[in-house]
Amino acid sequence: MEQGFSNMRKIRPAMQKQLFGQLLLVFLFGLLHLSSSAQNVEFEAVVNKNQVRVGEHFEITFQVNANFSNFKHPSFKDFRVLSGPNQSQGIQMINGHTTINKSVSFILTPTKEGKFTIGEASATIEGKNYTTKPIVISVSGGPQNSSSTPNQPSSQPQTANSGSEISDNIFIKCLVSNKNPFIGESITATYKIYFRLDIVNNELAKSPNYNGFWTQEVDLPDNVNVSTETINGIAFRVATLKKVILYPQRTGKLVVEPLALNVILRLRDNRRPRSVFDSFFGSYKDVSYLLESDSSLIQVKPLPEANKPKNFSGAVGDFTATAQLDKNQVNVNDAVNFTLKIKGEGNLKLFDLPKVELPADFEIYDPKTNDKISSTDYGLKGSKSEEYLMIPRYSGSYTIPEFSFSYFNPKTEKYTTTNLGPFTIEVAAPNGEVSNRPGAINNNYAPVQQQNIKQLNTDIRFIKTKANLVSEGTRFFGSLSYYALLLLPALLYFVFYFYYKRVMPQASSAEALAKRAKKNTLKVFAQAEKELKNNNIKAFRKAYLDGISAYFAQKMQTDLALVTKDSIKEFLANKVHESDVQELFQRIEEQEMAQYVGVASLNNEESIKAIKELITRIDSQISQQA
Amino acid sequence: MKNLIQYTVVLLVAVLSVLPSKNTVAQVDHSTDLFNQATLAYQNSAFDSARAIYSAILEQGYESANLYYNLGNCYYKMGNITSAILYYEKAKKIDPSDDDITYNLKIAQSAIVDKIEEVPTFFLVTWWQAFLNSFNVNEWGAFSIILLFICFLLLALNLIIQNSSIKASFYLTSLVAFCISLLSIFFAFSQKHKITQSTKAVIFSPSVTAYSTPETSGTKLFVIHEGLTIEITSTNNQWIEVKLPNGTKGWIEKAHVAII
């Protein structure tokens with residue numbers, strides 16, 4: 001902030017163009033036809049003061065930087081013309097550039113109090129009609145004592161008068177290029193001094209503070225450029241004191257504070273000349289005066305939230321981002337350079353370059369930053385870059401993933417995102433050497449240098465991919481199905497217990513066998529019938545007889561070996577009809593005979609049918625008896 | 001033989017009839033589809049839309065430890081640490097045995113303002129808690145059923161086996177299984193009690209002052225901040241008495257907390 005002081009220019013009184021020189025030029029070039037079509041026509045009306053008292057006189061000048069014709073001055077109905085029209089003409093040549101200045105002036109005096117407007121003057125310049133702007137003159141009452149009656153030596157009112165006179169004739173303006181910028185958008189604040197008095201010396205009294213801004217001073221040329229500007233019809237000389245580029249850092253209302261300048265002015269002394277020499281050279285005095293610019297209020301807009309990129313880091317302006325990898329195929333231990341560069345106009349110093357995820361397994365050195373930023377009238381311009389030096393230590397394929405740089409362009413009011421990458425680096429194991437990648441066969445059996453696993457970052461763990469949803473508040477434990485499943489083993493056990501203790505013993509006992517004797521026997525007969533069909537007569541007869549003996553063994557609950565014809569006879573006595581018993585024995589004998597002797601006439605089909613019916617009959621009679 | 005099959009069939013039908021019906025199964029499938037959509041969104045870093053889908057599933061009346069955990073992750077990624085902690089705590093309540101939930105909760109809690117040292121508990125209590133938390137309520141329940149099956153299976157085998165030494169060892173084993181099964185039921189009950197009798201809450205206001213009585217005229221005791229998990233020890237109208245992890249107690253307004 002202090003450097004503003006050293007930058008403060010010394011304003012030298014502009015040299016008045018001497019009338020003599022101008023007249024000489026008129027004589028030399030006056031008759032020449034000079035084309036002035038190359039420049040803009042400026043036709044304006046200028047007064048030397050716009051606040052006058054009744055009786056005071058002032059000058060109005062209509063000037064143009066070209067030849068004119070058909071000049072019509074406005075009516076001066078509220079004023080009295082003391083002198084005029086006075087015409088003057090001048091030619092200027094600067095660096096081969098010729099300028100004609102022509103002017104018509106009047107000296108007027110107001111006749112009454114009030115506000116009066118001097119209307120437009122018109123003229124035809126290069127075939128076109130031009131008009132000047134009207135000028136408002138305010139006339140205050142009564143002739144002023146001190147100025148109109150210089151004979152009365154009174155210093156008191158004079159200094160008071162000179163104070164207001166000074167403030168009208170010298171002031172500082174703070175011009176802000178944009179009073180409603182976005183946060184981070186550059187604006188320029190220009191401090192200009194307007195003066196009509198001679199400045200002997202100046203000194204910076206107060207350098208402005210820019211709270212809420214990031215500032216960058218613009219270097220101004222060493223020698224001050226003094227130009228002319230007309231304000232309310234009065235021509236001022238103007239010089240730029242200070243120019244600052246401001247980057248708002250907060251949203252809301254921000255204040256650009258005033259700049260204060262201490263000037264020493266050389267004023268004409270109106271006192272009566274004391275000596276002959278005084279009146280000859282003119283007398284003057286030096287007055288110290290404090291000038292202060294007004295403060296400007298700036299309303300800073302926030303950046304729009306809509307479409308704001310996720311990685312936006314506050315870059316505002318117009319940029320281009322580039323990323324470059326100097327080679328993408330290297331050998332192990334060869335250096336690789338990765339350069340990231342952002343170029344353009346905007347708040348270059350106020351944001352960081354995007355973060356790049358470089359391969360974690362590389363040896364990476366701190367980046368070399370290279371900023372080439374210059375301040376122009378409109379903001380910062382240039383480039384900033386970061387250069388990373390990486391050395392791959394293990395072979396393989398590595399990638400620098402895609403990353404992006406986003407900025408906000410205040411002109412288009414849009415965000416722009418540039419995607420960079422991805423970059424792939426192929427790292428080859430050096431020829432003739434064995435890769436030092438773990439697992440590679442190492443001829444000299446040197447142990448692989450082990451290292452701890454680098455923890456790169458900490459983050460929360462990934463989400464679960466299985467839903468396992470249940471209705472809210474329901475829980476397997478305590479639900480009806482839980483209790484049902486809890487009781488199930490006990491129930492199954494008791495079912496099994498019942499089956500094992502009650503059903504199984506019955507099924508295996510002799511009594512149970514006896515009950516199912518007929519069923520079992522019929523099964524054996526069915527087998528016999530099958531053998532018969534297959535013409536397997538021997539097996540048929542065996543099954544036939546076995547069926548009968550098995551039936552009685554089960555019925556009598558004895559061993560099969562104990563079943564004889566006598567025991568059967570005894571068992572069946574008084575239980576079964578005599579005829580059935582006889583038929584049974586007849587059937588048995590018939591088959592036995594056939595088995596040992598071979599009777600061809602025996603009808604086997606009829607026999608098996610009969611024995612089945614017979615056993616069924618016997619069984620039902622035994623059951624009835626029981 | 002026929003009787004046994006009949007009995008079993010009747011029993012199974014009875015058990016299945018109390019299990020969730022087909023209709024609700026279809027709804028769960030629909031919500032699971034939504035869940036998978038949210039997983040995709042999360043993978044594409046669209047955390048806000050993933051969060052919206054998870055919330056929609058919650059609104060349909062479904063929940064699971066995984067659902068709460070994923071919601072917590074979404075909030076964490078969106079920078080809302082307080083909500084992340086709330087949902088991690090909800091997930092942890094349902095499934096205290098999950099390692100991921102505990103880990104993420106710890107990470108989220110490292111980002112809150114208040115750092116309170118927990119009162120060191122007697123190591124046996126810590127062990128007991130850790131043992132209880134090694135399974136969630138449903139796992140303890142399932143465990144009890146499996147053990148009961150084993151118990152009765154061994155008893156049934158004992159009816160068939162004649163060898164007396166094997167019989168004795170089977171009896172002993174079934175007895176042990178029965179006892180552990182009863183213990184598991186007890187553990188499941190204690191876990192269920194923890195879930196249903198919600199006594200914990202997360203502070204949601206940036207700064208909360210605790211008073212000695214349930215009114216603002218009471219003595220100001222301490223100030224706690226967003227994201228802190230506290231225990232609710234009693235309630236009085238709009239006020240709750242909270243107990244900090246370090247054992248300090250004070251009254252705060254109910255509106256400042258979200259109950260887990």
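Modeller: Asn307(A) sits in the loop that runs between β20 and β21 (317-325) of chain A, where strands are DSSP runs of E with at least two residues, helices are runs of H or I with at least four, and both are numbered from the N terminus. This is a predicted model, in which local features need pLDDT of at least 70 and side-chain atom pairs count only at pLDDT 80 or more, while totals for chains, interfaces and linings use all residues. Residues are numbered from 1 along each chain as its sequence is written, chains are lettered from A and ligands numbered from 1 in the order in which they are written, and side-chain values use heavy atoms, with hydrogens and water left out.

Back to the loop, then. Asn307(A) is not a glycine, yet its phi is positive, at about 60°. Most residues other than glycine have a negative phi. With a relative accessible area of 71%, Asn307(A) is exposed (exposed means over 50%, buried under 20%, and partly exposed in between, with a 1.4 Å probe and protein chains only).

Strand β20 of chain A covers residues 296-300, and Leu297(A) belongs to it. Leu297(A) is partly exposed at 47% relative accessible area. Its C-alpha atom is 4.7 Å from that of Val255(A), although 42 residues separate Leu297(A) and Val255(A) along the chain.

Glu413(A) is found in the loop between β28 (403-409) and β29 (414-420) of chain A, and is partly exposed, with a relative accessible area of 44%.

Now for the helices of chain A and their charged side chains. Over all chains the structure holds 21 salt bridges, each being a side-chain nitrogen of Lys or Arg within 4 Å of a carboxyl oxygen of Asp or Glu. One of them pairs Asp619(A) with Lys555(A), at 3.4 Å from N to O. Asp619(A) lies in α12 (residues 604-625) and Lys555(A) in α9 (residues 537-555), so this pair ties together parts that are 64 residues apart in sequence. Asp619(A) is buried at 8% relative accessible area, and Lys555(A) is buried too, at 14%.

Asp580(A) is in α11 (residues 578-596), so the bridge ties together parts 37 residues apart in sequence. Asp580(A) is buried, with 6% relative accessible area, whereas Arg617(A) is partly exposed at 33%.

Arg617(A) forms a salt bridge with Glu583(A) as well, the closest N and O atoms being 3.1 Å apart. Here, too, distant parts of the chain are linked, α12 through Arg617(A) and α11 through Glu583(A), 34 residues apart. Glu583(A) is partly exposed, at 22% relative accessible area. Through shared partners, salt bridges join Asp580(A), Glu583(A), Arg587(A), Glu590(A), Glu606(A) and Arg617(A) into one network.
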